[in-house]
Structures are given as C-alpha cells and as structure tokens.
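Let us walk through a two-chain model, from one chain to the contact and on to the partner. Keep the structure open beside the text.

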Amino acid sequence: MAYVQPSYHWLIAGAEDNVVYVFRNLDALLDYPPDSTSDDVSPAPVRLSHPLLTPTSDVRIYTAYTRALLVCNSHVLQLTFDRRTASPVLAVVDELAGLGVARVSAGGDRFGVLTPAGEVYLVEDGVERLSVGREGLGIENEGDGDGGEEDELDELEIEDVALGDGFIAVLSSGRVYARGDSESPAPSVLTADTFGQLGGLAGDVRDWTHVPAPGRVSRIYAGRFSLLVDVEA
Amino acid sequence: MLYAQGNNIANALAPGGPSTINHFVPLSGTGTAPDARGDLSDDAQQAKDRVLWHNWTATITPNLRIGDDPVLASIPTASERNARVIGVDRPLGVLVDRVLKVLGGREARPWDDVGVTELGVLAWRTCNQVTTG
C-alpha cells in the first residue's frame, strides 16, 4: 500500500532525461532515489517533460505560494497545480516569449518578471504588462521635444521589481515607486501600507507613488508586508 | 547598504524595534550599518548586501541573520555568494554548490536549483552532473 502524505505536498525535481520530477514533499526529494534496502516508501514522483527542458538546460526556479516559474535559457515556463485534480501542469508563458528575463520577484501567488528592456510583466493565471507612467509621477521624459522616439517614452524604464502581498514596488533611476493592488491575495482588512512597507503612505495607494529612500537605490526586495532597499554608498 | 521598512512583528527588520516601521532604517535596526564596509571591493560588498531570504519571520544575507524565527538557528549557514535559501513562508534549507542542506541535518545532491511552494518543492539538475545518492 502506497504511503500517502497527510498534507498535500508535491516535490518537483529536474531530471536527467528532459523531465521534471514532481514529488509530494521535501522528504521524498531527500529520499530520492529510493534505497532498495529500506522499508520506507516515499511517494513516487510525477514526471513532466517539455521540449524546452534539455539535459543541459540552465534552469532557475522561482516559487510563489501555489505555483512556480522555471526560467530556462530565457524561456519562461509556469508550473501550476490543476484545481480539480491537483496534478502539476507545465506550460510555456507565451506572452513572455522572446523578451528575455532580467529578474523575477514573487509576491503572494504571482510573479513580477523584469525584462532586459525594462518592462515588467505580472504573471499569475494570466499575464499583464505593468505600466508606470511618467506623467502621474510628475517626471518629464528625456526627449528633446522634437517629436522623436524619446519624446514618446511616457513610461519609466524599470530596473528592478519587488512584489509583496498587496503592493508592487519598482526601481527606476535609483528611485523607488510603489502602489497597492486590490487584486492581491492579501486579506481585505489590510491596506497596501498597513505595516508601513510603503513608508507610511496614507490611504489606499492605488496610484504609483514615490517611496523616499536614504539614497540612490540599486536593488529592491519585498516580503509579504515589508520593503528592503540596497542603497549605494 | 541595506535598509528596510514595514512589518517588524517578528523582528525580521530591526531587532527590538517597533512592530511597524514606516521609514527606512538600516537592516540591523541599530542605527549603524549592519555590514562594515572596510576594504571590501564593490563586488564583495554587493555580494554581502545580497538578500538571500526575506519574509516576515526572518531575513538572511550572506553575513546577517535577523528575526525571531527559531529555524534561523538551525538552518545551515549561507555565507557563499551563490547560496540559495529555500522555503515558503519560512526558510527550510540552503542550497550551495549543488548540495541541498535542510533542517535536521539531512542533505541531498546534486541539485542545481530548488524551490518550495505550499503545494510542493521544485528542483533541477543537469544531466551530465547526475549521480546516484
């Protein structure tokens, strides 16, 4: 009789033959491959394959609460669990094809994917491109007013992104901007700034807002209700 | 240098500080830099300032562990630049040089990357480096 873990956990292990192994829990990974002399029987792994996963692929794994992104040679795959059967499902995130990946941040049950072009995409059940307009922040564009390409840059070029529960922070030109997001999984009693993660901003932070930092910021990180910045010396 | 603001209920930002911090304070919360810069090169300083893990119960950098989470005292050290701390809400283990070390002293190898969700744990290893055991 197969051993069944009381709590429903899977473990997924990349593999020697283009497959992703899906195990139920961490112990199963630690026990893999099973010792034939042992009486302990860990749950057997589920094996998922995908053409983008090759035996020599450079794969980086990012995880949220119930899903994962696998960045593989600039391709992005998402692993989710079927809501009805709980079976793991692996699929390419088509909307990110060819864009490249500079950084991934997980917050709540979604991801923020920063591309080398300075664009951010939110990945959850769907994909949404994040827009941070200059006008709302009172930032002039860098064009010379001649109607050229730079004059059309009405959005900030983003250098980093960090997602928490109920807020998104981005970094542009050493400054941090953030907003709350009512679609986050955070409990409704909490606002985007309940714990001061956005600097004690009053009210519902629906619009992008500058978050003052002690200096020029080079990286940003987020916890569920906290924001960390790496300030240049 | 790392600064933080937000939820400090479990002292993961500033030990001994208020539970809510609404302005950036040095990560140590002592009013001084947590990492003495000394003669470190920019690259070395960047490595030290890298946040390996952060959530509401714990913050881990290559040379700093902050927070009330009792697992902080038990998880393996992660001073290497390429260390990866795994966990969902709490840190569960450290992956360094393809060796995953978890709470309780168990370890697994060789894994190139490992990630944890509430529904399971993910890991990856390349073909030409697979061994048994």
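**Chain A and its contacts**

Among contacts in chain A between residues at least 6 apart in sequence, 47% join residues at least 24 apart. Two residues are in contact if their C-beta atoms, placed from the backbone, lie within 7 Å. This is a predicted model, in which local features need pLDDT of at least 70, side-chain atom pairs count only at pLDDT 80 or more, and totals for chains, interfaces and linings use all residues. Residues are numbered from 1 along each chain as its sequence is written, while chains are lettered from A and ligands numbered from 1 in the order in which they are written.

Chain A holds two helices and 17 strands. Helices (H or I, at least four residues) and strands (E, at least two) are DSSP runs, numbered from the N terminus. Chain A has 233 residues, and 42% of them count as buried. A residue is buried if 20 or more other C-beta atoms lie within 10 Å of its own, exposed if 12 or fewer, and partly exposed in between; these C-beta atoms, too, are placed from the backbone.

Take one loop residue. Thr194(A) sits in the loop between strand E14 (175–180) and strand E15 (209–211) of chain A. Why does Thr194(A) count as partly exposed? Because Thr194(A) has 19 C-beta neighbours inside 10 Å. Phe225(A) is 31 residues from Thr194(A) along the chain, yet their C-alpha atoms are separated by 7.8 Å.

Now the contact between the chains. Chain A brings 48 residues and chain B brings 43 residues. Which strand gives the most to the side of chain A that touches chain B? That is E17(A), with six residues. By class, this side of chain A has 30 nonpolar, 12 polar and six charged residues. Here Ala, Val, Leu, Ile, Met, Phe, Trp, Tyr, Cys and Pro count as nonpolar, Asp, Glu, Lys and Arg as charged, and the others, Gly among them, as polar.

Strand pairing crosses the contact. E17(A) and strand E1 (residues 2–7) of chain B run antiparallel, joined by five bridges. Leu228(A) has Ala4(B) as its bridge partner in E1(B). Two strands pair if DSSP finds at least two bridges between them. Strands of a sheet pair through backbone hydrogen bonds, either parallel or antiparallel.

Move on into chain B. An open sheet of three strands has the order E3-E4-E5, with antiparallel pairing. Its edge strands are E3 (53–55) and E5 (64–66) of chain B, each pairing on one side only. Strand E4 (residues 58–61) of chain B meets E5(B) over three bridges. Within E5(B), Leu64(B) stands opposite Thr61(B).

Three residues join E6(B) to E7(B). Strand E6 (residues 84–87) and strand E7 (residues 91–96) of chain B are antiparallel, with four bridges. Arg84(B) stands opposite Leu95(B) in E7(B). Is E6(B) covered on one face or on both? Both faces are covered: Arg84(B) and Ile86(B) on one side and Val85(B) and Gly87(B) on the other are all buried.

Last comes confidence. The predictor gives the complex an ipTM of 0.85 and a pTM of 0.85. Chain B has a mean pLDDT (the predictor's confidence in each residue, from 0 to 100) of 79, and 77% of its residues reach 70 or more. Over residues 29–41 of chain B, pLDDT stays under 50. Where pLDDT is low, the predicted coordinates should not be read in detail.
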